[in-house]
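Look at the sequence and the 3D view below. This report then walks through a few spots, one by one.

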Amino acid sequence: MQWGNVIIQGVLIGGLYAMFAAGLSLIFGVMRLVNIAHGDLIVLAAYVALMVRQALGIDPLTSLILVTPIMAAIGYALQRGLLNRTLGDDLLPPLLVTFGLSVIIQNGLLELFTADSRRLQAGAIEIQTFQVAEGLWIGVLPFIQFAVAVIVIAALQSLFYRTPLGRAFRATSDDQAVAQLMGLDTRHVFAMAMALSLAVIAIAGVFLAVRANFDPAIGPARLIFGFEAVIIGGLGNMWGTLAGGIILGVSQAIGAQIDPGWQLLAGHIVFLAILAVRPQGLFPKVSG
Amino acid sequence: MSRVQHATRSSQIGVALIAVALVVLALAPFWAERSTLRLLAEIFTFVALASLWNLLAGYAGLVSVGQQAFVGLGGYFLFALVVLLDVHPVAAIFLAGPVGALVAIPVAALVFRLRGAYFAIGTWVVAEVFRLLASQVSVLGGGSGISLPAGAVIAMAASRQMREFEIYWLALALTALVLAAMVVLLRSRHGLALTAIRDNELAAQSNGIDVWRIKFVVYVLTAFGTTMIGALIFLTKLRISPETAFSVNDWTAFVIFITVIGGIGRIEGPIIGTIVFFVLRQALADLGSFYMLMMGAVAIVVMLWAPKGLWGLIAERFGWQALPLQRHLLLVPKDSGARS
Amino acid sequence: MSDPLLEVRGIDVFYGDFQALFGVLLCVNAGEVVTVIGANGAGKSTLLKSIAGLMPLGRGDILFDGARISAAAAFDVVKRGIALVPEGRRLFPSLTVEENLLIGGQSRRPGPWTLKRVYELFPVLAERRRLPAPALSGGQQQMAAIARALMSNPRLLLCDEISLGLAPIVVRDIYARLPAIVAEGLSLIVVEQDIAQALKAARQVYCLQEGRIALQGQAGELTRESISAAYFGV
């Protein structure tokens with residue numbers, strides 16, 4: 001049942017990719033901003049978790065209690081202090097400023113932590129597996145990550161469609177001027193959206209740190225995975241993004257099984273194929 | 001009766017200065033040191049790359065963070081022709097252009113399905129695909145890369161000095177060609193359309209300009225130029241690997257910073273930006289990643305507070321133009337003689 | 001005579017280099033209905049947007065309840081008790097009718113207007129509460145926009161061309177609800193191109209012509225001719 005295990009692994013890592021994507025598409029939905037530094041912020045979260053671990057000695061999953069608010073605060077300050085100034089009709093400023101930010105974060109991390117590969121130890125849980133059927137095994141940690149990803153996406157959907165904050169997000173995204181007439185300070189609304197995005201990034205970053213070796217340069221690849229998951233799944237639909245992440249994860253897993261050098265290529269090729277044949281994605285929201 | 005005049009007083013001075021500079025630079029092998037020649041050649045290639053990126057982003061509104069795809073394509077194409085087919089390196093450079101354009105056609109068909117920042121990331125994905133494919137080609141060194149065989153190096157010129165002169169002149173010639181082609185394009189009817197798109201895409205479209213087609217053509221032409229420059233770059237380096245060929249830092253980040261700091265959407269911008277970039281590089285040479293960090297910060301500051309870049313500030317303050325690209329409509333009265 | 005609720009003191013407003021309002025003076029007393037009429041482009045919407053804080057003032061002041069609100073941002077102005085029903089309704093398309101009303105109450109002040117009360121005033125909205133806002137007819141959208149503005153419990157309601165694009169019978173229906181709103185203690189500024197409806201609803205009339213107040217007076221006292229002259233600038 002080699003292939004069965006391969007597919008299971010692909011599905012589970014798809015959850016992580018969906019979390020990479022969720023923060024990205026949240027921001028795009030609320031303020032039409034694509035954060036090129038998104039992947040680097042995930043790596044930044046991983047390093048923050050590393051520092052928390054080194055300072056307090058707590059295990060990674062518990063450290064989320066600290067890492068998440070830290071990243072959320074960074075997100076709020078970043079949006080309020082810098083990114084709010086780039087919003088407007090022109091495409092260039094947000095793109096180039098977040099690109100500059102990406103370079104700054106990567107090189108800042110390089111200066112502080114060197115290019116050495118790191119990993120966050122989670123203990124015995126890293127290698128535990130449980131059996132679901134004859135010859136089919138699921139890793140406990142990947143399973144937890146997938147479950148958390150599903151919970152995060154469900155929570156985001158719920159927040160968007162059932163809470164006043166979510167209403168504020170949707171209204172501000174529709175019509176900034178009229179949103180102000182409702183008493184909403186749009187600068188604050190955008191900053192809250194970015195804070196939320198970074199909170200999700202924090203969770204994704206900690207999971208990344210536990211799962212694989214990380215160094216300052218791996219940010220762009222995470223951005224690309226998140227982006228591919230969004231496009232495959234279809235814009236405007238969080239559950240579609242989960243599906244997109246899963247498809248990407250499975251493609252990569254199958255590619256890796258054929259030849260280790262083909263892991264990333266397989267994912268990119270599936271992405272390009274979907275872009276060619278169904279550019280709106282597999283499950284796009286009708287109104288977009 | 002009327003005609004369109006492109007030149008202004010400052011642009012007449014600018015053209016004269018550029019002509020003088022070209023002569024001086026062409027003669028550089030006779031007055032400059034080896035290291036200066038190499039530096040100049042590097043400056044030329046960055047001016048060319050940045051100008052091409054500027055055409056794409058500043059005029060056509062297509063922000064690509066994946067032009068390294070074509071730089072690497074040019075490099076690998078040159079190495080493929082030289083190593084596998086024994087083609088003369090200089091010939092390979094000129095063949096690289098059309099190949100780059102051909103490859104750009106299906107790439108454009110794909111990435112044009114994305115808009116705005118998603119388009120940008122899409123171009124990045126394409127570059128990644130090229131990089132991964134290059135790693136799989138074992139005859140060209142696979143993941144670790146390959147050096148240019150000695151035979152090909154000798155084929156260029158017998159002595160190392162002559163080879164370096166050749167490369168220098170090639171760099172100067174290609175860069176001059178790229179800039180000249182841009183000026184010709186921008187002075188033409190298509191250039192007017194392009195400038196209209198730069199200023200206000202929606203308005204341009206409602207005025208009947210086929211925006212999609214123009215963007216497509218500009219993308220393909222830019223790929224043509226970028227691929228040739230890429231071939232030249234790796235001929236100079238004498239060695240290629242997937243990492244260096246498709247490096248985002250070297251071929252996109254620097255290029256973007258140069259263009260942003262110099263001034264997007266103006267042809268003089270990349271020239272000014274490259275000069276500033278290299279001055280900074282000489283000054284901050286030993287600072288490694290801190291240097292990159294600074295560049296990123298400067299680019300952000302410029303983007304927010306001086307979005308038209310250094311040249312934009314100068315041009316607006318003084319109304320200058322280095323190249324004759326404006327359009328003044330001169331009305332010639334019917335009865336009297338011509339008066340400007 | 002107590003102080004007016006709203007005082008617009010000689011404001012100039014610019015769109016870039018273009019001047020839209022020239023020294024406009026206007027007063028609204030508590031419980032009053034004031035109408036501002038004028039042709040297209042006269043500056044009526046600009047006036048309301050300036051009061052609501054959506055546009056900066058070039059010169060002059062606006063006082064609400066004695067306090068200066070000239071520099072206040074739009075989200076601040078709402079909290080002080082001025083609500084704008086924008087031109088063209090501008091409901092949030094991603095939200096349902098009820099969500100539109102709820103977000104209107106985002107910055108609610110104490111007062112009588114609740115979801116229940118608003119549904120009593122406009123029963124047709126209660127029937128359609130779960131529909132997405134774009135699914136409503138023009139007249140229903142206008143009612144929703146007014147209801148949304150009421151949800152913040154304003155003291156002053158600014159209505160920008162609520163008759164625009166609506167059939168006369170629908171317009172009459174909407175205007176018929178205004179007295180109920182005034183009875184709850186609100187003051188109104190009604191901006192209209194439809195002069196007849198405006199004069200019926202209001203007591204004070206201002207006429208804007210190319211950014212200037214060309215005429216001002218009580219609805220009953222002004223003659224047809226003088227209004228016509230001021231409106232068309234003849």
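Which backbone oxygen does the side chain of Thr259(B) reach? The side chain reaches the backbone oxygen of Val255(B), at 2.8 Å.

This is a predicted model, where local features need pLDDT of at least 70, side-chain atom pairs count only at pLDDT 80 or more, and totals for chains, interfaces and linings use all residues. Residues are numbered from 1 along each chain as its sequence is written, chains are lettered from A and ligands numbered from 1 in the order in which they are written, and side-chain values use heavy atoms, with hydrogens and water left out.

**Two residues**

Thr259(B) sits in helix H13 of chain B, residues 248-262. Helices are DSSP runs (H or I, at least four residues), numbered from the N terminus. Leu27(B) lies in the loop between H1 and H2 of chain B. Buried means under 20% relative accessible area, exposed over 50%, and partly exposed in between (1.4 Å probe, protein chains only).

| Residue | Relative accessible area | Class |
|---|---|---|
| Thr259(B) | 0% | buried |
| Leu27(B) | 43% | partly exposed |

Leaving aside neighbours within four places in sequence, Thr259(B) is in contact (heavy atoms within 4.5 Å) with Ala50(B), Trp53(B), Asn54(B), Ile264(B) and Pro270(B).

**The two chains**

The contact takes 38 residues from chain B and 39 from chain A. About 3,600 Å² is buried between them. That is the accessible area (1.4 Å probe) that two parts lose on being put together, summed over both. Carbon and sulfur atoms give 86% of the buried area. H3, H6, H13 and H15 of chain B each give two or more residues to the side that touches chain A. H6(B) gives the most, with 13 residues.

Methods:
Polar contact = N/O pair within 3.5 Å; in protein donor to acceptor, adjacent residues only side chain to side chain.
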